[in-house]
Amino acid sequence: MGKGFFNVPIAVNEPVKGYAPGSPERDAVLKAYKSMYNSKIDVPLYINGRDVVTGNTRTMSPPHDHKHEVGTYHLADKSHVEEAIATALEARKSWSQLPWEQRAAIFLKAAELIAGPYRDKINAATMIAQSKNIYQAEIDAACELIDFLRFNVQYMADIYMEQPESTNDAWNRVEYRPLEGFTYAVTPFNFTAIAGNLPACMALMGNVVIWKPSDSQVYSAKVIMDVFKEAGVPAGVINVVFGDPVMITETVLSSPDFSGLHFTGSTFVFKELWKQIGMNIHNYKTYPRIVGETGGKDFIVAHKTANPKQVATAIVRGAFEFQGQKCSAASRAYIPKSLWSDVKKYVIEDVKSFKMGSPEDMSNFITAVIHEGSFDKLAKYIDQAKADSDAEIIVGGGYDKSKGYFIEPTVIVTTNPQYKTMYTELFGPIITIYIYEDDTYSETLKLVDETSEYALTGAILATDRTAITKATTALQNSAGNFYINDKPTGAVVGQQPFGGARSSGTNDKAGSAQNLMRWVSTRLIKETFVTPTDYRYPFLGE
Ligand code: NAD
């Protein structure tokens, strides 16, 4: 076979399309949306390169129109999960031996398929399944997923090039092999890009994968699988199972060949999975890698020197885009008293200008929250805030689930910095604001640091550099992604590697070489050219 040190294409971020009225991309995505919305699909499991129908099905409905059905998907039982594991282990034999450039080519091709022929479809699927408006769908399902796929290939090449020093008489080489066994990807509903990236990046590094998508993301997960298939991911390398998460996870984690968990979702679930892995630790052939990106209670702190209009915009965009269902969404804010009347005025004006409804009407900034469970939970917190004397709703507070799961973007102002919604992750369009006395900035930073168990994202807005420095130092452990004079959302692959610590995750930074390093095991090979033939060292001489 011909050899060479191949340069991978230099990764560049996929440009975000505008979808302005009359643009060709807007017409194309609306056409795809209408056609998909008005037909029904049946989504099978995908095991060993085959569609598996189990006959045990559940219906799929858009959150913004929950009585409308767009299809069904099939649920796995234990035997399907076991088959997926056996299949993956068989596929590993050839996949792990395939030259890396072949794996790179497959995922680079997947990126180009999404950038081109699948773009409208994956965006429309994300608008239907997860109720994203077109802009939120575009930055997630198209651009971020493309970026993950392209940049990961570059990071893989960077990792392989990381080699130790050698000498004239000994050559030291490090090889990066996939984990022994199979890996498990468990993905959340809220980002199509994360759903695609978690299994893909492990497979890129030579691993085989069982992928369990969220029940609320099956429709767009199907498009991802179609792309992977067309890009040439071989049978058995990524196997998709839907269904009871507890049964699927127990089956996977009880296999002695389980070697890595790549999880994104809520903190409680991740901790439970970690516990189960611990309980099974004596059964595994190798110590499993555990990577989890989980919940957040992301903050905005404004200093008295901040510009109130900028603070208001950071709050409004940071808290309400995609209905606050981003792990990075701002959900608590600390505003100095001297800025509050201006910030309040701008926030209320902005929120009142939002239109809410189906993503098909592109003038809607806000659409529905993901499902009834989320709707009911959010409505409960809103009702509680209406009843509590230490909380006041200054805008929003309405909700209606008759057609879709619509929650009005809601701003709660509290006089109690330990109010429940200052530390609980709600995962919806609700932000709670605490107004502090201007001269208690240092104490407020301490509050920000200590109020929640999470440490995912946070932002400081100020013009005074001393205030910025103070916040950057005081909040060092409070956020894995820290923003100065910006909203705390919108991380871009290759620019702001993403992840948090404390209860927000293992901080292995999705979209970075650091993350990919978790999916390989290294072997050092030392080759000596002139092998010694006498044990005696010179110092032993008389
Ligand atoms: P979730 O925890 O409900 O579900 C995530 C995945 O775990 C799904 O596939 C689900 O089916 C599975 N799951 C649920 N219960 C399980 C169980 N008992 N055993 C095994 N698997 C189980 O989360 P979600 O509602 O899909 O997503 C929202 C959450 O994800 C939020 O907490 C958000 O902060 C977090 N999130 C974090 C990041 C990040 O990068 N830190 C990114 C996106 C989402």
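The C-alpha centres of domain 1 and domain 2 lie 32 Å apart. An automatic or database domain assignment sets the bounds: domain 1 is 24-56 + 80-294 + 505-525, and domain 2 is 298-484. This is a predicted model: local features need pLDDT of at least 70, side-chain atom pairs count only at pLDDT 80 or more, and totals for chains, interfaces and linings use all residues. Numbering starts from 1 along each chain as its sequence is written, and side-chain values use heavy atoms, without hydrogens and water.

**Domain interface**
- Contact (heavy atoms within 4.5 Å) links 23 residues of domain 1 with 22 residues of domain 2.
- The two domains bury about 1900 Å² between them, 60% of it on carbon and sulfur atoms; this is accessible area (1.4 Å probe) lost on being put together, summed over both parts.
- Between the domains there are 2 salt bridges (Lys or Arg side-chain nitrogen within 4 Å of an Asp or Glu carboxyl oxygen).
- E453 and K271 meet in a salt bridge through their side chains, at 3.8 Å, N to O.

**Sheet**
- An open sheet of 7 strands has mixed pairing and the order β14-β17-β18-β13-β12-β20-β21.
- Strands are DSSP runs (E, at least two residues); two of them pair if DSSP finds at least two bridges between them.
- β14 (391-395) and β21 (481-484) are at the edges with a single partner strand each, so one side of each has no neighbour in the sheet.
- β20 (residues 457-461) runs parallel to β21, joined by 4 bridges.
- In this pair, T457 stands opposite N481 in β21.
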